Amino acid sequence: MNRMGAGLVRTIVKAGAAAVPAGRGTVVLIYHRVGASSALDVDLATAEFAHQMEWLATRGGARPLAPALETLQDAATDPHDVVVTFDDGTADFAETALPVLVEHHIPVTLYLATAFIEEQRPFPDDGRPLTWAALRDACSTGLVDVASHTHTHAVLDRLPPGRVADELDRSRRLIEDRLGRPCTDFAYPKAIAPSDAADAQVRARFRSAALAGTRANRAGHTDPHRLARSPIQRSDGRRYFERKVAGGMGFEDTLRRAANRWRYRNVDS
């Protein structure tokens, strides 16, 4: 399918997803890149990201992940919290996104694929990696928590148990050693659900694990190791961004998960 055809399909899917009623609960947003000038749909223009964070700030802001997880365990609560997260660990997080987050006092969890930072290995699509020094500076703002996204960005549903353990343990140890802070949360690369064996290893090491889902997480009905997140894309514009913050656009994720299963069927990282 050419780019024009893909764009038309995306528009139709988003319009259909927006028509489905949103659900109430805690919404966890996923960002990847800001202002990196790539062709990726997950690379937002700096001005658009700044507008989104300002919009969140004027509507009550965002909560850190830890207290949001605590609230989700209580069925008697009825939260509509928003949590902001980033994946991977490209340099634009510190250079471009972080000043905006600080300006609007938005806390964030960064799920880090540690091999890229430790080895200064470029991410796909010309993504420059963060440095440990930049991460320490980011954490010093008091707004940034750093969690695991495996060591090599490995897809855990197809790895043998020994390799899964290595991916999880190396990532966690590096974050704790280099940053001097605990690593308690995890996000699955490419938002692909794990095998049963990998799921057990993740649960043994982390208090939460995030996938995708593009829906709200209901208090008292959410497995913290199946935390749903909503990917924010350039093609969302303001209408669909606000719909995702409201807990909507789940149908879009249903199609994305099916496509990703096929797209990454022979990929392990």
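Select strand 9, residues 227-231, in this predicted model. Five of its five residues are buried, so strand 9 is largely enclosed by the rest of the structure. Look at the directions of the side chains. Leu227, Arg229 and Pro231 point one way, while Ala228 and Ser230 point the other way. Both sets are buried.

Strand 1, residues 27-31, runs parallel to strand 9 and is joined to it by two bridges. Pick isoleucine 30: its bridge partner in strand 9 is proline 231. Strand 8, residues 208-213, also pairs with strand 9 in the parallel sense, over two bridges. Here, pick glycine 213, whose bridge partner in strand 9 is arginine 229.

Next, select helix 3, residues 65-72. Which of its residues are buried? They are Leu65, Ala68, Leu69, Thr71 and Leu72. These residues cover an arc of only 160° around the axis, which puts them on the same side of helix 3. An α-helix has 3.6 residues a turn, so residues three or four places apart point the same way. What covers the buried residues of helix 3? Strand 9 is part of the cover, and so are strand 8, strand 4 (82-88), strand 5 (108-112) and strand 7 (185-187).

Is proline 79 buried or exposed? At 9% relative accessibility, under the 20% cut-off, proline 79 counts as buried. Show its contacts, leaving aside neighbours within four places in sequence: Arg24, Gly25, Thr26, Thr71 and Ala219. Thr71 is also one of the buried residues of helix 3. Then set a distance between C-alpha atoms. Proline 79 and arginine 24 are 55 residues apart along the chain, with their C-alpha atoms separated by 7.6 Å.

Go to glutamine 52 in helix 2, residues 46-58. Glutamine 52 is buried, with a relative accessible area of 1%.

The next stop is a helix pair. Select helix 6 (residues 132-139) and helix 7 (residues 161-179) together. They pack at an angle of about 70°, with their axes 10 Å apart. That angle makes helix 6 roughly perpendicular to helix 7. Show the side chains that make the contact. Helix 6 supplies Trp132, Leu135, Arg136 and Cys139. Helix 7 supplies Leu174, Ile175, Arg178 and Leu179. By class, this contact has six nonpolar, no polar and two charged residues.

Two backbone stops remain. Most residues other than glycine have a negative phi. Histidine 105 is not a glycine, yet has a positive phi of about 55°. Find histidine 105 in the loop between helix 4 (92-103) and strand 5. With a relative accessible area of 57%, histidine 105 is exposed. Then select lysine 190, in the loop between strand 7 and helix 8 (196-205). Lysine 190 also has a positive phi, about 60°, although it is not a glycine. At 22% relative accessibility, lysine 190 counts as partly exposed.

Finally, zoom out to the whole chain. Its secondary structure comes to ten helices and nine strands. Of its 269 residues, 52% are buried. Among contacts with a separation of 6 or more, 69% are between residues 24 or more positions apart.

Key
Residues are numbered from 1 along each chain as its sequence is written. This is a predicted model: local features need pLDDT of at least 70, side-chain atom pairs count only at pLDDT 80 or more; totals for chains, interfaces and linings use all residues. Side-chain values use heavy atoms; hydrogens and water are left out. Axes are lines fitted to C-alpha atoms, for helices over the stretch in contact, and angles run from 0 to 180 degrees between N-to-C directions. Helices (H or I, at least four residues) and strands (E, at least two) are DSSP runs, numbered from the N terminus. Angles under 35 degrees count as roughly parallel, over 145 as roughly antiparallel, 65 to 115 as roughly perpendicular and the rest as oblique. Contact means heavy atoms within 4.5 Å. Ala, Val, Leu, Ile, Met, Phe, Trp, Tyr, Cys and Pro count as nonpolar, Asp, Glu, Lys and Arg as charged, and the others, Gly among them, as polar. Buried means under 20% relative accessible area, exposed over 50%, partly exposed in between (1.4 Å probe, protein chains only). Two strands pair if DSSP finds at least two bridges between them. The arc is that of the directions from the helix axis to the C-beta atoms.
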